[in-house]
Amino acid sequence: MTVYLDHAATTPVDSRVLDEMKPFFSRKFGNASSLHFFGREAREAVEVARERVARLVGASPDEIVFTSGGTEADNLAVLGGFEAAHGKKIVCSAIEHPAVLEPCNELERRGAQKALLPVDGEGIVDLNAAPEVICGASLVSVMHANNEVGSIQPIKELARMAHEQGALFHCDAVQSAGKIAVDVRKLGVDLLVFSSHKIYGPKGVGALYVREGVKINPIVFGGGQEHALRSGTENVACIVGFGMACELALRELPRESKRLALLRDRLLKKLLEIKGSFLNGPVGEKRLPNNVNVSFEAVEGESIVLGLDGFGIAASTGSACSSRKLQPSHVLLAMGRRPEEAHGSLRFTLGRSTTAKQVDFAAAKTAKVVERLRVMSPFKPGDDLSKIDFGGHAE
Ligand code: PLP
């Protein structure tokens, strides 16, 4: 049995999505900018997809810009939004994905002032600290839900605070769109990003919502496609697939999110029965319905992932592996975890194919792997590891 529990990394393309895409790799191969029949056919398909994509987040179709994925869309929002606003100060949360953190770092290298919004122990932005950090900002970027610990952020309140300062508000909704309700009007955001491959669509396509009237500058120049905000021949087949993926996600969301939340809590309960384990992130409504993140004292998350791999179970750690050096997760460090705790984290993210049987299997094998690793570990649960240098500081 193989069990895929890494849906936050990516998801398989749904067969209904694939069926919709197939003709656009062969018979319907036109360039959506061409005037002839082939071009018009491709253009029509792109515009149908735009409507479907817009509907998932409550936007109107002309507010959607297709990009090559979440990373490019985040870069366009942060760099393009900041430049158009003649920005001086950029603010993002301390737990953003690198797709937002790195363009913010780039702006700092170019001379901007950068400030990070702190989070509490559950990985939720601290609303009391926010007004001071946001003060004087030109653009504020906070993710809707965190990719490591699944914490859902108070976007409405943060967007309001940003607007009070005259700042633009950008939201990375790559992990939340299709899993919980996302409505750009209710959230009150100016810019919002989501990505196809996290919701059973193809890789290499994403969308940026730009609220009508908001000005941003392009970061890619060329033929002027996508309202001149993202030049380049449209990736028609993948855009069509993304459209279908959004339609299915919207249709299935109410039922699927309830089903996943039950499985999440079932898995969590079993994992927390393992000695020396503790939860990372919030519980219940404040957490994505498909995210489980648990740390185990005295064992490393990477070792557990490799052990589970041996049982055919695909999971991941909370930590990012950057420049071939294993750094503890900047998210867990920002939440106040010690480096050794951050090293021991394990993330399971559930999806459409996940069953109760799989969840039980994963929990049982995790207990086995942790037990085996503890036998080999020089440490045991409860040891004081605070004097040992595990490296790494928050990025
Ligand atoms: N933002 C978040 C929160 C993510 O989890 C990811 C992907 O893991 C991205 C952005 C990047 O999206 P993409 O893989 O489409 O470039």
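A polar contact here means a pair of N or O atoms within 3.5 Å; within protein, one must be able to donate a hydrogen and the other to accept it, and residues adjacent in sequence count only if both atoms are side-chain atoms. This is a predicted model, where local features need pLDDT of at least 70, side-chain atom pairs count only at pLDDT 80 or more, and totals for chains, interfaces and linings use all residues. Residues are numbered from 1 along each chain as its sequence is written, and side-chain values use heavy atoms, leaving out hydrogens and water.

View A. A backbone N or O atom of G70 sits 2.8 Å from a ligand oxygen. The side chain of Q175 also brings an N or O atom to 2.8 Å from an oxygen of the ligand, and for S195 a polar side-chain atom is 2.6 Å from a ligand oxygen. On its own the ligand would expose 390 Å², and the protein buries 86% of that (Shrake-Rupley method, 1.4 Å probe).

**View C. G223 out in a loop.** Look for G223 between β8 (206-210) and α8 (236-271). Its C-alpha atom is 9.6 Å from that of S33, although the two are 190 residues apart along the chain.

Note on methods:
Helix = DSSP H or I, 4+ residues; strand = E, 2+ residues; numbered from the N terminus.
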